[in-house]
Amino acid sequence: MLVNPNNAGTEPMIRDVPEAARAKGVKLLVLKAGTEGEIDAAFASLVQPQAGALVVDPDGFLSSRRGQLVALASRHAVPAIYAHRQFVAAGGLISYGIDDTAVSRQVGIYAGKILKGAKPADLPVQQPTTFELVINLNTAKALGLTISHSMLMLADEVIE
C-alpha cells in the first residue's frame, strides 16, 4: 500500500489496514512517499518482495502524481488499484471509489441552499453514496491478467 506520510489521516490508516490484511491472509507492506523521488523509490522497493499488487491511497499529493504512478506501475508490471477513475483513464488497471460527479452535484446543491439563506451549521452532514468500479482491459492484458466475466459485469465502466 502506497501512502503519503505527510497526510494527517495516514497514521490511523497505517494502524488499521494491516490488521484487515492479516485477517484476509494478505501480507501487507506499507510504502511511504511524500515527494516525487520517494514515489520512485517506493516502486523500486516493490521489486525485492515481488509485490503481487499495489493499493494507492486516495491522498491529494498522490492523486496529483497520477501520471507518474500509472507509468511506474506499468514499468514495474504491478497491478494497482486506485480510488479515482482518472487513474484508469490514464492507463491504470482498476479503480473503486466515490463517484466524483455525484459528489460535485451534492456540493452544488449545498451551495445553492446556502445561497438561498440556509445556515451551513443546520445542513446535515452527508457521506457519498455512489461508488464506481472502473476497469482498464488494455492494462489488464498488458499485465497478463484475465478479468473475470462477473467482475466485468460489476464494473460501471470498462475501458478497452
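Trainee: How many helices and strands does the protein have?
Mentor: This is a predicted model. Its C-alpha atoms fill a box of roughly 60 × 35 × 30 Å along the principal axes. Within the protein there are eight helices and seven strands.

Trainee: What percentage of the residues in the protein is buried?
Mentor: Start with the surface. The protein exposes about 9,800 Å², and carbon and sulfur atoms supply 57% of that area. Of the 160 residues, the buried share is 32%.

Trainee: Among contacts between residues at least 6 apart in sequence, what percentage joins residues at least 24 apart?
Mentor: Take contacts in the protein between residues at least 6 apart in sequence. Then keep those that join residues at least 24 apart. That share is 58%.

Trainee: How far apart are the mean positions of the positive and negative charges?
Mentor: The protein has 14 positive and 15 negative charges. Take the mean position of each set.

Trainee: What covers the buried residues of H4?
Mentor: The buried residues of H4 are Gln 68, Leu 69, Val 70, Leu 72 and Ala 73. Leu 69, Val 70 and Ala 73 are among the residues that Tyr 82 touches. The cover over the buried part of H4 includes strand E1 (2-3), H2, helix H3 (60-64), E4 and helix H5 (85-89).

Trainee: What is the phi of Ala 77?
Mentor: Most residues other than glycine have a negative phi. Ala 77 lies in the loop between H4 and E4. Ala 77 is not a glycine, yet its phi is positive, at about 50 degrees.

Trainee: Which are the edge strands of the five-strand sheet?
Mentor: Five strands form an open sheet with mixed pairing, in the order E3-E4-E5-E6-E7. An edge strand pairs on one side only. The edges are strand E3 (54-55) and E7.

Trainee: Do E5 and E6 pair in the parallel or antiparallel sense?
Mentor: Look at one position first. Ile 98 stands opposite Phe 131 in E6. Over five bridges, the pairing of E5 and E6 is antiparallel.

Trainee: Which residue in E7 is the bridge partner of Ile 135?
Mentor: E6 also pairs with strand E7 (residues 157-159), in the parallel sense over three bridges. E6 (residues 131-136) is mostly covered, with five of its six residues buried. The partner of Ile 135 in E7 is Val 158.

Trainee: Is Ser 95 buried or exposed?
Mentor: Ser 95 is found in strand E5 (residues 94-98). Its contacts beyond four places in sequence include Tyr 82, His 84, Val 88 and Leu 133. The relative accessible area of Ser 95 is 1%, and the cut-off for burial is under 20%, so Ser 95 is buried.

Trainee: What about Asn 136, buried or exposed?
Mentor: Asn 136 is found in strand E6. Not counting residues up to four places away in sequence, Asn 136 touches Val 88, Gly 91, Gly 92, Leu 93 and Ile 159. At 5% relative accessibility, Asn 136 is buried.

Trainee: How far apart in space are Asp 100 and Leu 2?
Mentor: Asp 100 lies in helix H6 (residues 100-115). Asp 100 is partly exposed, at 24% relative accessible area. It touches His 84 and Gln 86, not counting residues up to four places away in sequence. Asp 100 and Leu 2 are 98 residues apart in sequence, and C-alpha to C-alpha they are separated by 22 Å.

Definitions and conventions. Residues numbered from 1 in each chain as written. Predicted model: local features only at pLDDT ≥ 70, side-chain atom pairs only at ≥ 80, totals over all residues. Heavy atoms only, no water. Helix = DSSP H or I, 4+ residues; strand = E, 2+ residues; numbered from the N terminus. Buried < 20%, exposed > 50% of the residue type's maximum accessible area, 1.4 Å probe, protein only. Contact = heavy atoms within 4.5 Å. Areas by Shrake-Rupley, 256 points an atom, 1.4 Å probe, with all protein chains shown as cover. Lys, Arg positive; Asp, Glu negative; His and termini not counted. Charge placed at Lys NZ, Arg CZ, Asp CG, Glu CD. Pairing = 2+ DSSP bridges.
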